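Biologist: Please put the model up, and then I will ask about it piece by piece.

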Amino acid sequence: MISYRVMTDKIILTLIGLEWLAFGLIGLLNPMLIASMLEMQLGSLNAISEIRANYAFFACMGFIALFSLWRVKLMKTAYLTFCIVLGCFLLGRILSFILDGFPSTGGLIIFVNELIVYLLAIWRYQKREVLF
């Protein structure tokens, strides 16, 4: 029988993994679509390359979350990765709110989504016993 703790992790990591893998693949394969969704203007090949690079990373993070469903010892590492990355994203976004002003509704939705995933990841990270 699967414990409550493991089942909770499997549900959270499945949702996070699917979200990050899906958006990562969309941005990797169609950076112009992601740019339009984010209300960004891509004026150069370097800008498109940056979108692809970032979204390849997001897809990889989603894959790690999903892979940890079968490698339970990897769960804490997956959570730690999300904590570090999303902590940095949130810090940058908060600084941008202060220096640049509040973003559009889409930007606020992204912020709230990242905050929720960060809070879930830090909560579950603290509950996992094994790191490696």
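Biologist: Start with Glu39: in which loop does Glu39 lie?
Modeller: This is a predicted model. Helix α3 covers residues 45-67. Glu39 lies in the loop between α2 and α3.

Biologist: Is Glu39 buried or exposed?
Modeller: A residue counts as exposed over 50% relative accessible area. Glu39 counts as exposed because its relative accessibility is 57%.

Biologist: What is phi of Glu39 near?
Modeller: Most residues other than glycine have a negative phi. Glu39 is a residue other than glycine, yet its phi is positive. The value is near 60°.

Biologist: How many helices and strands does the protein chain have?
Modeller: From the N terminus on, the elements run α-α-α-α-α. The count is zero strands and five helices.

Biologist: What box do the C-alpha atoms of the protein chain fill, and what share of the residues counts as buried?
Modeller: Taken along the principal axes, the C-alpha box is roughly 55 × 30 × 20 Å. The protein chain has 132 residues, and the share that counts as buried is 33%.

Biologist: Among contacts between residues at least 6 apart in sequence, what share joins residues at least 24 apart?
Modeller: A contact here means heavy atoms within 4.5 Å. Taking the contacts in the protein chain between residues at least 6 apart, the share that joins residues at least 24 apart is 70%.

Biologist: How many salt bridges does a search of the whole structure find?
Modeller: Side chains of opposite charge can pair when their charged atoms come close. Another is between Glu114 and Arg93, with the closest N and O atoms 2.5 Å apart. For the whole structure, the search finds two.

Biologist: Is Asp9 buried or exposed, and what is the relative accessible area of Arg124?
Modeller: The cut-off for buried is under 20% relative accessible area. Asp9 is buried because its value is 0%. Arg124 is buried too, with a relative accessible area of 4%.

Biologist: Which parts does the salt bridge of Glu114 with Arg93 tie together?
Modeller: Glu114 forms this salt bridge with Arg93. Glu114 lies in helix α5 and Arg93 in helix α4 (residues 75-100), so the pair ties together parts that are 21 residues apart in sequence.

Biologist: Which residues does Glu114 touch, not counting those up to four places away in sequence?
Modeller: Glu114 is placed in helix α5, residues 105-127. Glu114 is buried, at 6% relative accessible area, whereas Arg93 is partly exposed at 29%. Apart from residues up to four places away in sequence, Glu114 touches Leu86, Phe89, Leu90 and Arg93.

Biologist: Which residues form the nonpolar patch on the surface?
Modeller: The patch has about 330 Å² of accessible area together. The elements that give two or more residues to the patch are α1 (4-29) and α2 (31-37). One member, Leu33, is in helix α2 and is partly exposed, with a relative accessible area of 38%. The patch residues are Phe23, Ile26, Leu33 and Met37.

How values were computed:
Residues numbered from 1 in each chain as written. Predicted model: local features only at pLDDT ≥ 70, side-chain atom pairs only at ≥ 80, totals over all residues. Heavy atoms only, no water. Patch = residues over 30% accessible without salt bridge, like charges linked within 9 Å, V, L, I, M, F, W, Y side chains within 5 Å. Areas by Shrake-Rupley, 256 points an atom, 1.4 Å probe, with all protein chains shown as cover. Salt bridge = Lys/Arg side-chain N within 4 Å of Asp/Glu carboxyl O. Helix = DSSP H or I, 4+ residues; strand = E, 2+ residues; numbered from the N terminus. Buried < 20%, exposed > 50% of the residue type's maximum accessible area, 1.4 Å probe, protein only.
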